[in-house]
Amino acid sequence: MSMLLEVSGVSVTFDGFRAINNLSINFATTELRAIIGPNGAGKTTFMDIVTGKTKPDEGQVIWGEKNISLLGMSESQIAREGIGRKFQKPTVFEAQTVRQNLAMALKTPRGPFAVLMHKKTKPNAERIEDVAARIGLSDSLTRVAGELSHGQKQWLEIGMLLAQEPRLMLVDEPAAGMTPEEREKTTDILKEAAKTRAVVVVEHDMEFVRRLDCKVTVLHEGSVLAEGSLDHVTSNQTVIDVYLGRAHA
Amino acid sequence: MLRLLYLALALWFTMPVAAAAQSLQDILQTHQDEVLSPGRRSVGVVLDDLVASGLPQALPFLESWRDREIVQRDSDGLFFRVTEDGDTVTLQDLDTGDTLTASEDDLTESRPNGGVRRAIGDALVQFQLSDPDIAKRKAAVEAIARSMDASQLGPLAASIDDEPDAELKETKTRLVGMLGALFAETTDARVSAIEALSGDLSVDVRAVLNRILSNSEAVAASVPEDANIARMLVVGEDLTATDAYTRLVEAELAPALITKLQIREALVANIDGDAVSGVPVATLNTDAARALAYDLLAADGTVPPRVDETTQTEAVAAHRFFVQYAETDPAITDAARAALDNIERNVALNQSVDLGLDALSLASIYFLAAIGLAITFGVMGVINMAHGEFIMMGAYTGFVVQQFVPDYTLSIIIALPLAFAITFGAGVLMERAVIRHLYHRPLETLLATFGISIALQQLAKNIFGTQARPLTSPEWLDGALVFNDVVAISYIRVAIFVLALVFLCIILFILKRTRLGLEVRAVTQNPGMAASMGINTDRINMLTFGLGSGIAGIAGVAIGLYAQVTSEMGASYIVQSFMTVVVGGVGNVWGTLAGASLIGFLQKGIEWLNPSNTLAAQTYMILFIILFIQFRPKGIVALKGRAAAD
Amino acid sequence: MQRSFLAQNPSVLWFIAILAVFTVVVTLMSEVTGVGLISTSFVKTLGKTLCLCLVAIAMDVVWGYCGILSLGHFAFFGIGGYAIGMWLMYARTEGIVMTSLAGQPIPPTPAEISDAIGNQIFGVVGSSEFPMIWAFADSLALQLLMVVLVPGLLALVFGWLAFRSRVTGVYLSILTQAMTLALALYLFQNDSGLRGNNGLSGLQNIPGYQDVSQATVSIIFFIASALALAAGYVFFAWIVSGKMGSVVKGIRDNEARVRFLGYHVESYKLFIFTTTAVVAGIAGALYYPQAGIINPGEIAPIASIYLAVWVAIGGRGRLYGAVIGAAFVSLLSSWFTGGGAPNIDLGFYVIQWTDWWLVLLGFSFVAVTLFFPKGIGGLFDYLVRKPS
């Protein structure tokens, strides 16, 4: 199976603090992956590197069948290559309606001129409605995003990700602040999405990770500590030490 | 000569009393003829005798003689100093100073001509140079320095050995050196005098050397043999062909060109009906057409012909253009050139030191003006557009204090803390009333503080009027610290530099060594975390804002001391302060220091490159800053890592 | 789905209608029709106000919609004024010079004409040479092109530099202010080629139409300003509606998010910055012939800040808000500073509005920022509930 994204030997240092240390990690074209790890393990920095927000000091990030290096590409270029990202804090455009939010995310030409001349079309409207149905916001299309509940905002952001039609979805703590029912629905959305693309979920909540029922990668001090099924990694002694050691500190 | 001797002997015997104690009158009687109608040559004898006599009254006599106040009484041949007051003529004995009246008819005036008077003047200088009164000696040396005359070299050199005052002796020696460079007898003496000057940076030495090197541009068919050539001028490089031809015309080595104006006038003068030489007037609206018509006129012999291009080129090619020295001896001009080059190198070096000092003081001002802004910007992310007006408030505080406390030293001592207190209060008030409601809306804070800025500015205008108010510095800050003829810095600027240094230390101390500083740094780095650790961020913000504003007030007093206090003075510093903060990097005292230094040195540097135009200098500086931001968007001292990510 | 954008934005139609009525009423009441209820000088004031409204909506788009607090848009306005002013001054001086040279015994050469015009224009700064930048001053068409090109190019280059290095927020404001200051300082120089602090004058005289009365000229410019404002309003309303508007507002609210959606944020900012700069230039080109004179003082950073103040008072993020703010504050300002407002005698002190107006404006601006962040335009929200 060919790899969608290969991260190899990546390191990054902030003011002497080594946030990522010789990290190597790969993702297949269709898979659901959870990344766990204690605070400061480098989860968010890893996503920053993949999405082009942070430039690593060394290492390689290779993307897709054509083996393109993502280093040196801008955030928007990487996004157009097919990597979508959901932030830890829900970031939707609160002043705009749900439909506008989704329309903006919809995979269409991104150039200013194309956008200026953009005409609303029936297929596009159908795509928006389809995504809205998947995230359960069909009835809220005309509502202003700022009025949505916290969980709905999280879904909307996931919906925007889906509308982008990325090949790789990076999802940072999608279940934070959600009720149990909402979590269940979020799990379903993510599992469904992972059938046609790679979905990487960074999560703290072990219960949520267990429900995702997928391969788990444990990050610690900027590199991979363990990889495998949740049961496999949680029985790993070093993983236990890292978590408990942290908990006792 | 023999006759004179007889005369002297006769006098000697007729005036035995005078002979016992030789008086001024005796000497004068010895040289009656020379005193009465002195000649350029003959006067020397009298002067030598007078100098040799060492009589104190000789000096006032010489002055009077020079000023044409000496008369001879025809009846007895005695000389007197005369003063006329209306019809009364008063005579004064030259030795005793006794006065008596006389009839004008009995007197013959001594009328020394210009050359004689100059000789008397020189003798006077000689007298003055060895005068017991140091003030007179100084005055004489100054007079020599002013006139720089060849004749003064001898007397001045002679007076050096006996000069008791060390400082004056040095001045004399220096002056002799300069005079020697100009007027010494032999080439060798002059060259060595010139070489001795090459270590001196002063303006007068440079003037002396430039005088030796004075030159003029000239043109000739061939370079004259005896000319001391400074350099040749190459047509096309040093001067344009047109210039070269103009010089030929000026030197009357070539016929003058016919100017467009002359062509036009000639054509106008020769209009015949509606044509000139058959060319219709209406077509004369181009230079080419006019030239053609003129040539037709010239062919008729009505006007002189034009000088065509070929003639011009040939004339220029046939001549040499060069710069020649007025001084004919190349050894001397070479030595002077070498000495001057050496001095100019030194001067340039010293000028860069002086420029550095200037830049340093400018950087101090920017630092003082900007540090308050940097603190508030760093801690609260708030740009305070009214910061400039706090500077203005500080300056006006100083002005008001001086209205009540006439002692300038005391008033400054009162004004500094008072200005701090007032602007601190204003800052806290502003923070409480406005800014705290606008946190997380930085652009709106910017505009709201701008509203306060225009209101405060207009308020100051209403209270203090539009004219500039002076803030007088205490006397001990007058004057300048002079290192040499090139490097000097005024004491006010030194004081501002010291003030900036003091504030740098105080701020560093507060930030690094006090509880308040710790809390301020905590809030700067992570306000949310700081708050959750029990730091009262509200209080910190308030105090920081007060502190930043208070420093602006003190900066205002300092700036007011050397600039005018007006209601708009703050506005003229605010943009530079922003630049300083932005260039330096936010939230870091060292960054502000670096920013202030960069901008201060840059501004002075650009002014030095383009001294005639300070507006252009500022324009270029701002353009540089705009470009600088491209490469270091976060400033010189940038925060790194995740703290800086957003 | 395919409704026209005007149908979706009824406020645009309302605005155009009100503007049209206003223009017709003012024209009918002016001295041109003989009614004379509105003096020529007041027509000029109204015409200038319309131009200020136009630059204000440009400012609103760049700040209120795109979140870039530019303190440089009044500089673009001024550049537009200079560009048209160069032609006005050149053409008018040429007319005068030609008349005076006509009496000469032989016809003048082109160089003589150019010298004489140069002397007339640059005599005040001790020069008679035409600087390079006046190369096209004799052509109205080229100078009109300059009105658009110069602010556009300046904005493009400056914006490209600034946005490329991700200068945002307050930093960007300071940087645009620096640009404005540099431009003003440059123009203040006598050797800038634009007559230093004398500026360009006599712009109210339209070359070739000296016989037309100022009353007529003022009405023509008034109508032209109204048309420009209407066109600008529709143009910007079109830009900020639809998907472009979504992206632009998205950039204002969360630039990083828009970037991660795959939009090249810098291009969008550059597009908005440049377009609004061009419109500001056009507004300036209409303003200064009505004002009659332009000098570097007009371009000083403070003017751009006032522009931001108008938009803030009128209400950001709504185009009519900018129009209201600019019209309201600038008219009020000229009423107060022009001595129109009666002084208040407190017995011990007389409040003269010429002195106190700025104090009032400053503090009321603070009050608006604090208590009415939506500005005057926000009041409409209470009157018109937008259907969601």
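This is a predicted model: local features need pLDDT of at least 70, side-chain atom pairs count only at pLDDT 80 or more; totals for chains, interfaces and linings use all residues.

Student: Which residues of helix H6 of chain B are buried?

Tutor: In that helix, residues 58–66, they are B:Ala58, B:Leu59, B:Phe61, B:Leu62, B:Ser64 and B:Trp65.

Student: And what do the buried residues of H6(B) pack against?

Tutor: Elements of chain B: helix H3 (24–30), helix H4 (32–36), helix H5 (43–53) and helix H7 (114–129), plus strand S1 (70–73) and strand S2 (79–85).

Student: Back to phi. Where does B:Glu252 lie, and what is its phi?

Tutor: B:Glu252 is in the chain B loop that runs between helix H13 (241–250) and helix H14 (260–269). Its phi is near 55 degrees, which is positive although the residue is not glycine. Most residues other than glycine have a negative phi.

Student: Is B:Glu252 buried or exposed?

Tutor: B:Glu252 counts as exposed because its relative accessibility is 72%.

Student: What about A:Glu165, where is that one found?

Tutor: In chain A, in the loop between helix H6 (150–163) and strand S7 (168–172). A:Glu165 has a positive phi too, near 50 degrees. With a relative accessible area of 38%, A:Glu165 is partly exposed.

Student: New topic, the cores. How many residues does the largest nonpolar core have?

Tutor: It has 271 residues, and A:Leu156 and C:Trp63 are those with the most contacts inside it.

Student: What is A:Leu156 in contact with, leaving aside its neighbours within four places in sequence?

Tutor: A:Val92, A:Val98, A:Asn101, A:Leu102, A:Ile135, A:Leu137, A:Ala145 and A:Leu148. Apart from that core there is another, of 38 residues, which includes B:Ala193, B:Leu197, B:Ile212 and B:Val487.

Student: OK, aromatics. How many aromatic pairs over all chains?

Tutor: There are 29. One of them is C:Phe76 with C:Phe273, an edge-to-face pair with 5.9 Å from centre to centre and 85 degrees between the planes.

Student: Where in the chain do those two sit?

Tutor: C:Phe76 is in helix H4 (residues 73–102) of chain C and C:Phe273 is in helix H11 (residues 265–291) of chain C. They are 197 residues apart, so the pair links distant parts of the chain.

Student: Are C:Phe76 and C:Phe273 buried or exposed?

Tutor: C:Phe76 is buried, at 0% relative accessibility, and C:Phe273 is buried at 1%.

Student: Which residues do ring pairs link into a cluster?

Tutor: C:Phe74, C:Phe77, C:Tyr287 and C:Tyr288.

Student: And which charged ends sit over rings?

Tutor: Two to look at. The charged end of A:Arg85 is placed over the ring of C:Phe260, 5.4 Å from the ring centre. Within chain C, C:Arg164 has its charged end over the ring of C:Trp160, at 5.0 Å from the centre.

Student: Now A:Thr91. Where is it, and what does it touch?

Tutor: A:Thr91 is in the chain A loop between strand S6 (83–86) and helix H3 (98–105). Not counting residues up to four places away in sequence, A:Thr91 touches A:Glu157, C:Asn254 and C:Arg257. The side chains of A:Thr91 and A:Glu157 are joined by a polar contact of 3.0 Å.

Student: Why does A:Thr91 count as buried?

Tutor: Because its relative accessible area is 14%, and the cut-off for buried is under 20%.

Student: What about C:Glu112, what is it in contact with?

Tutor: Leaving aside neighbours within four places in sequence, C:Glu112 is in contact with B:Arg264 and B:Arg290. C:Glu112 is in helix H5 (residues 110–122) of chain C and is partly exposed, with a relative accessible area of 26%.

Definitions and conventions
Residues are numbered from 1 along each chain as its sequence is written. Chains are lettered from A and ligands numbered from 1 in the order in which they are written. Side-chain values use heavy atoms; hydrogens and water are left out. A nonpolar core is a set of buried Ala, Val, Leu, Ile, Met, Phe, Trp, Tyr and Cys residues joined through side-chain atoms within 4.5 Å. Buried means under 20% relative accessible area, exposed over 50%, partly exposed in between (1.4 Å probe, protein chains only). Contact means heavy atoms within 4.5 Å. Rings of Phe, Tyr and Trp (its six-membered ring) pair if their centres lie within 6.5 Å; planes under 30 degrees apart count as stacked, over 60 as edge-to-face and the rest as tilted. Helices (H or I, at least four residues) and strands (E, at least two) are DSSP runs, numbered from the N terminus. A charge sits over a ring if NZ of Lys or CZ of Arg is within 6 Å of the ring centre and within 35 degrees of the ring normal. A polar contact is a pair of N or O atoms within 3.5 Å; within protein, one must be able to donate a hydrogen and the other to accept it, and residues adjacent in sequence count only if both atoms are side-chain atoms.
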